[in-house]
Amino acid sequence: MLKIEKFVVSPFSENTYIVWDDESQETALIDPGTLEIYEFDEVREFIEFNKLKLKFLINTHCHLDHIFGNKKFKDLYNPKFYAPELDIPLLKNSTKQGAQFGIKFDDSPLPDEYINEELLLTLGNRGFKFLFTPGHTPGEFCIYFEEEKFCITGDVLFLESIGRTDLWGGDYNTLLSSIKEKLLTLPDDTIIYPGHGDRSSIGYEKKFNPFLK
């Protein structure tokens, strides 16, 4: 069985997720937005207290608030690091992203491998896959755990909202197409865990998300 834990971090109130298999303890760390050392320590202590084995580090996309902790977690645990290829310009300019907000943080390493829709990763004997959902950034992917009926949606789909498209590489029509073609086609009881705010479900967003009417 897979379990999920959320940490709300940084001035951007970003959701950092840990997903792990409770038998093998194999673990994925998704969008580590840990800017301050105490935030990094909170996630690290959770990993170590629960004796988790950090297998994967994954960025759904590469805006600064989702990558603050990349270097520290990669250096400490050396998980295999995955990120979208089309977002590499953001990753390479991570410190420039920070400078725009007056924030200093460690340059992110480059990924070991790029995400694509053919990629299937496993935690224990549980597999999960990736859905290409550009629009908020050129390369963003959502992470779909089909057996467990949940999806980590990054900054694509939120509770009663959608990702902003006024940043580099954003496109409103592309984002709406991504949501309608890749997310709203999932079962209604699929729980969504977004990059900011509270969780929701596909069925709820179909009914109540004002951007999807």
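I call a residue buried when its relative accessible area is under 20%, exposed when over 50%, and partly exposed in between, using a 1.4 Å probe and protein chains only.

**Ground rules.** I am reading a predicted model, in which local features need pLDDT of at least 70 and side-chain atom pairs count only at pLDDT 80 or more, while totals for chains, interfaces and linings use all residues. Residues are numbered from 1 along each chain as its sequence is written, and side-chain values use heavy atoms, with hydrogens and water left out.

**Aromatic pairs.** I looked for pairs among the rings of Phe, Tyr and Trp (its six-membered ring), counted if their centres lie within 6.5 Å, with planes under 30 degrees apart called stacked, over 60 edge-to-face and the rest tilted. The search of the whole structure gave 16 aromatic pairs. I then looked up Phe12 and Phe68, whose ring centres are 6.2 Å apart and whose planes stand at 40°, so I noted the pair as tilted. Helices (H or I, at least four residues) and strands (E, at least two) are DSSP runs, numbered from the N terminus. Phe12 lies in the loop between β1 (2-9) and β2 (14-21) and Phe68 in the loop between β4 (53-58) and α2 (70-77), so this pair ties together parts that are 56 residues apart in sequence. Phe68 is buried at 4% relative accessibility, whereas Phe12 is partly exposed at 25%.

Next I looked up Tyr204 and Phe208, another tilted pair, with 4.6 Å from centre to centre and 40° between the planes. Both sit in helix α6 (residues 202-208), where being 4 residues apart separates them by about one helical turn. I found Tyr204 partly exposed at 30% relative accessibility, and Phe208 partly exposed as well, at 46%.

I also recorded one aromatic cluster, formed by Tyr17, Phe56, Tyr82, Phe128, Phe130, Phe145, Phe150 and Tyr193.

**Helix α1.** I turned to α1 (residues 37-49), which has 13 residues and reaches 18 Å from its first C-alpha to its last, close to the 18 Å expected, the expected span being 1.5 Å times one less than the number of residues. Its buried residues are Glu39, Phe40, Val43, Arg44, Phe46 and Ile47. They cover an arc of only 155° around the axis, which puts them on the same side of α1; the arc is that of the directions from the helix axis to the C-beta atoms. These buried residues pack against β1, β2, β3 (26-30), β4 and α2, contact meaning heavy atoms within 4.5 Å. On the face turned away from the buried side I found the exposed residues Tyr38 and Phe49. After α1 comes Lys51, whose phi is positive, near 55°.
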